[in-house]
Amino acid sequence: QWQFAGTNLAGATNSGFTLASAQPTDAGSYAVVITNLAGVVTSGVAVLIVTLPPAVEFAAFPTSGVAPLTVYFSNLTAMATEFIWVFGDGNSSTNADPINIYTNAGSYTVQLTAMGPGGTNSLVRASAIVVFEPPVLFVGPQTQTDFIFFFNTATGRTYDVQYTDSLETPDWLLLQTVPGTGAAVFITNSFSAPEQRFYRLKLQ
């Protein structure tokens, strides 16, 4: 009769005992009790230690923004002592909580591989980081009454078109809010505005 922590295991009466897919709850002391006409004897104790591979998890902030984008990675992995990060842009790191700067626009897959006493495990997260090109203003075709400029947009982003009549004042005023559609957006401003006006884009 096989025992676990001093308690008989149901149905475990063969000469051998197999434990399939052992879990941490199966860790502990095992012994076998042998009974025959001469009496009863209990074997020495065998201690089972169950070590699982790392449970890999991570978080990142921010997960999207304009290039160059600095991303801070937080390692939430359990049961690991060594790490390899692959950021998808050609960079990698062995730090537990690394920082990566994405210099080019694109969608990046991030992989974290963790090594520990129980083995190796990996987590791959597709499109974990999305980087956009910095918005750029272009001067468009002018009319006799209007100053026209345009910029390209990214789907899902929102753009605030701001202006000021003097760079000596810190206040930028909102001219227009534009939802990104992936197409170019043209902004028209009347020449009746001051002779000198400055414009900028703020990406939300």
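These legends walk through several close-up views of a predicted model. Residues count from 1 along each chain as its sequence is written, and side-chain values rest on heavy atoms, with hydrogens and water left out. Local features need pLDDT of at least 70 and side-chain atom pairs count only at pLDDT 80 or more, while totals for chains, interfaces and linings use all residues.

**View 1. A look into the largest nonpolar core, which has 18 residues.**
A nonpolar core here is a set of buried Ala, Val, Leu, Ile, Met, Phe, Trp, Tyr and Cys residues joined through side-chain atoms within 4.5 Å; buried means under 20% relative accessible area, exposed over 50%, and partly exposed in between (1.4 Å probe, protein chains only). Phe58, Phe73, Trp85, Tyr102, Val110, Ile129 and Val131 touch the most other members. Two or more residues each come from strands E8 (69–75), E9 (82–86), E12 (106–116) and E13 (119–132); strands (E, at least two residues) and helices (H or I, at least four) are DSSP runs numbered from the N terminus. Zoom in on Ile129 and, setting aside neighbours within four places in sequence, its contacts (heavy atoms within 4.5 Å) include Leu69, Val71, Phe73, Tyr102 and Val110. In soluble globular proteins, nonpolar side chains tend to be buried together.

**View 2. Five strands make an open sheet with mixed pairing.**
The order is E7-E13-E12-E9-E10, counting two strands as paired if DSSP finds at least two bridges between them. At the edges sit E7 (64–66) and E10 (92–93), each pairing on one side only. E12 and E13 run antiparallel over ten bridges, and Val110 has Arg125 of E13 as its bridge partner.

**View 3. Strand E16 (residues 158–164) is largely enclosed by the rest of the structure, as six of its seven residues are buried.**
E16 pairs in the antiparallel sense with E17 (residues 173–179) over six bridges, and Thr158 is bridged to Pro179 there. Six bridges also join E16 to E19 (residues 198–203), again antiparallel; in this pair, Tyr159 meets Leu203. Tyr159 and Leu203 also turn up, along with Phe149 and Tyr163, in a second, separate core of 13 residues.

**View 4. Two cis peptide bonds, one into Pro62 and one into Pro68.**
The bond from Phe61 to Pro62 has omega near -10°, and Pro62 sits in the loop between E6 and E7. For Ala67 to Pro68, omega is near -5°; Pro68 belongs to the loop between E7 and E8. Pro62 is also among the contacts of Ile129 from View 1.

**View 5. Positive phi without a glycine, at Ala5 and at Ser21.**
Ala5 has phi near 55° and lies in the loop between E1 (2–4) and E2 (7–8). Its relative accessible area is 57%, so Ala5 is exposed. Ser21 has phi of about 50°, this time in the loop between E2 and E3 (28–36). Ser21 is exposed as well, at 62% relative accessibility.

**View 6. Val45, Val47 and Ile49 form a nonpolar surface patch of about 340 Å².**
Patches take residues with over 30% relative accessible area and no salt bridge, joining like charges within 9 Å and nonpolar side chains (Val, Leu, Ile, Met, Phe, Trp, Tyr) within 5 Å. A salt bridge is a side-chain nitrogen of Lys or Arg within 4 Å of a carboxyl oxygen of Asp or Glu. Ile49 lies in the loop between E5 (46–48) and E6 (58–61), and with a relative accessible area of 69% it is exposed.

Note on methods: Areas by Shrake-Rupley, 256 points an atom, 1.4 Å probe, with all protein chains shown as cover.
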